[in-house]
Amino acid sequence: MNLKDKVGFITGGASGIGYATAELLLQHGAKVAIIDVNSEAGRKAVSNLAVKYGEANVTFVKCDVTEDGDIEEAFKQTIAKFGRLDIIMNNAGILNESNYKLLISVNLTAVITGTMLGLKYLRKDQGGNGGVILNMSSISGLKPSLCLPAYAATKHGVVGYTRSMANSMAADIDVHGVRFNCVCPECTDTPMVRSLESVDSLNRRGIHHAQALSNYVSENVDDMIKASYIAENTIKLLADETKNGAAMLITSKGVAFIDPPEHPYFTDRANLKR
Ligand SMILES: NC(=O)C1=CN([C@@H]2O[C@H](COP(=O)(O)OP(=O)(O)OC[C@H]3O[C@@H](n4cnc5c(N)ncnc54)[C@H](O)[C@@H]3O)[C@@H](O)[C@H]2O)C=CC1
Ligand SMILES: CC/C=C\C[C@H](O)C(=O)/C=C/C=C/C=C\C=C\[C@@H](O)C/C=C\CCC(=O)O
């Protein structure tokens, strides 16, 4: 996919990985809607990006991704502003083991809702141009995370959902034109991770092994991979039209595509005919 003049929709785009990806899309000539619950951060992000890339190319829509109506409205406002939609990045996420229902709602339910609601605007057979849905998982979606079991459950859910959607819709891709992929970064230097330095904040959020995790983050955060590195690899995946159903692990050593185990039943639609 040539990113020039394409339109991206990024939840959690006011900060961290979402913001870095928004900026890189703009550098490639795309237009971007930053979708975020934090109005102050969202407006600040857009005013910074507008100075560099032009007011006509970036917009902010306030949206709590746990509210279906907000997500629908955000899609409508994005298309009203830019006239099309090509890239959906369901990226908003939180760390809160205490409030695991909210955690699941933001990190997993909203990814499914954003995919289902967005799909109808992308589908070529429903008036769209085709495109790509990129869901944000984590290395914690591929392996256990002893400090964050509920978080890991949401991120495993994102991998399972994204691969399953890709498989179930791949046979008709010429009709709808939509690809589904997910990215799985290791620990990255962002405001979300910097917030883990405070043991009080970890305890309030019910995070396991709080003191050990706080020490680990304080000692390692400056050497962690940067959001710009996640964004560079995310953009490559977005643009690569050969990739559908990919789970891209991103670590300081580079990227790797993690394949699911083989199983003959219901991994592809041919088996439904048996
Ligand atoms: N930083 C890391 O080490 C890693 C982060 N991730 C994932 O990447 C994504 C982005 O994380 P970061 O950039 O690190 O965090 P961040 O905290 O810098 O950015 C997250 C953004 O999501 C927004 N957000 C939170 N709840 C929301 C809601 N209900 N509705 C709309 N927006 C909401 C926040 O306001 C914030 O702007 C998350 O899904 C996270 O789980 C994955 C792997 C590693
Ligand atoms: C106490 C020692 C620190 C880490 C080991 C442990 O496995 C763990 O659970 C650490 C989690 C740290 C998470 C911090 C931010 C989360 C971001 C994620 O999206 C994934 C990144 C890293 C997971 C690291 C891991 O599980 O080892």
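Predicted model: local features only at pLDDT ≥ 70, side-chain atom pairs only at ≥ 80, totals over all residues.
Before you start: local features need pLDDT of at least 70, and side-chain atom pairs count only at pLDDT 80 or more, while totals for chains, interfaces and linings use all residues. Residues are numbered from 1 along each chain as its sequence is written, and side-chain values use heavy atoms, with hydrogens and water left out.

**Exercise 1. Work out how helix 1 sits against helix 10, and which classes of residue make the contact.**

Step 1: Find the helices, which are DSSP runs of H or I with at least four residues, numbered from the N terminus. Helix 1 covers residues 16–27 and helix 10 covers residues 227–239.

Step 2: Look at the axes, which are lines fitted to C-alpha atoms over the stretch in contact, with angles from 0 to 180 degrees between N-to-C directions. These two come within 8 Å and cross at roughly 55°, so helix 1 is oblique to helix 10. (Under 35 degrees is roughly parallel, over 145 roughly antiparallel, 65 to 115 roughly perpendicular and the rest oblique.)

Step 3: Get the hand. The crossing is right-handed, meaning that the near helix is turned clockwise from the far one by less than a right angle.

Step 4: List the contacts (heavy atoms within 4.5 Å). On helix 1 they include Gly 16, Ala 20 and Leu 24, and on helix 10 they include Ala 227, Ile 230 and Leu 238.

Step 5: Sort them. The contact has 9 nonpolar, 4 polar and 1 charged residues. (Ala, Val, Leu, Ile, Met, Phe, Trp, Tyr, Cys and Pro count as nonpolar, Asp, Glu, Lys and Arg as charged, and the others, Gly among them, as polar.)

**Exercise 2. Now do the pairing of helix 1 with helix 2.**

Step 1: Helix 2 spans residues 39–53, and its axis comes within 11 Å of that of helix 1, crossing at roughly 20°. That makes helix 1 roughly parallel to helix 2.

Step 2: Tyr 19, Ala 22, Glu 23, Leu 26 and Gln 27 of helix 1 pair up with Ala 45, Asn 48, Leu 49, Lys 52 and Tyr 53 of helix 2. By class, you get 6 nonpolar, 2 polar and 2 charged residues.

**Exercise 3. Describe the packing of helix 4 on helix 5.**

Step 1: The axes come within 9 Å and cross at roughly 15°, so helix 4 is roughly parallel to helix 5. This crossing is right-handed.

Step 2: The tally is 14 nonpolar, 4 polar and 1 charged.

**Exercise 4. Which residues line the largest cavity?**

Step 1: Know what to look for: on a 1 Å grid over the protein atoms alone, a cavity is a set of points where a 1.4 Å probe fits but cannot get out, and lining residues have an atom within 4 Å of a point.

Step 2: The structure holds 1 cavity of 30 Å³ or more, and the largest has a volume of about 40 Å³, where volume is the space filled by probe spheres set on the points, joined across faces, edges and corners.

Step 3: The lining is Thr 11, Val 65, Ile 71, Asn 90, Asn 91, Ala 92, Val 106, Ala 110 and Val 111. Helix 4 (residues 100–122) gives the most, with 3 residues.

Step 4: By class, the lining has 6 nonpolar, 3 polar and no charged residues.

Definitions and conventions
Chains lettered and ligands numbered in written order. 1 Å grid on protein atoms, 1.4 Å probe; cavity = no way out; pocket = protein on both sides within 12 Å on 5 of 7 lines; lining within 4 Å.
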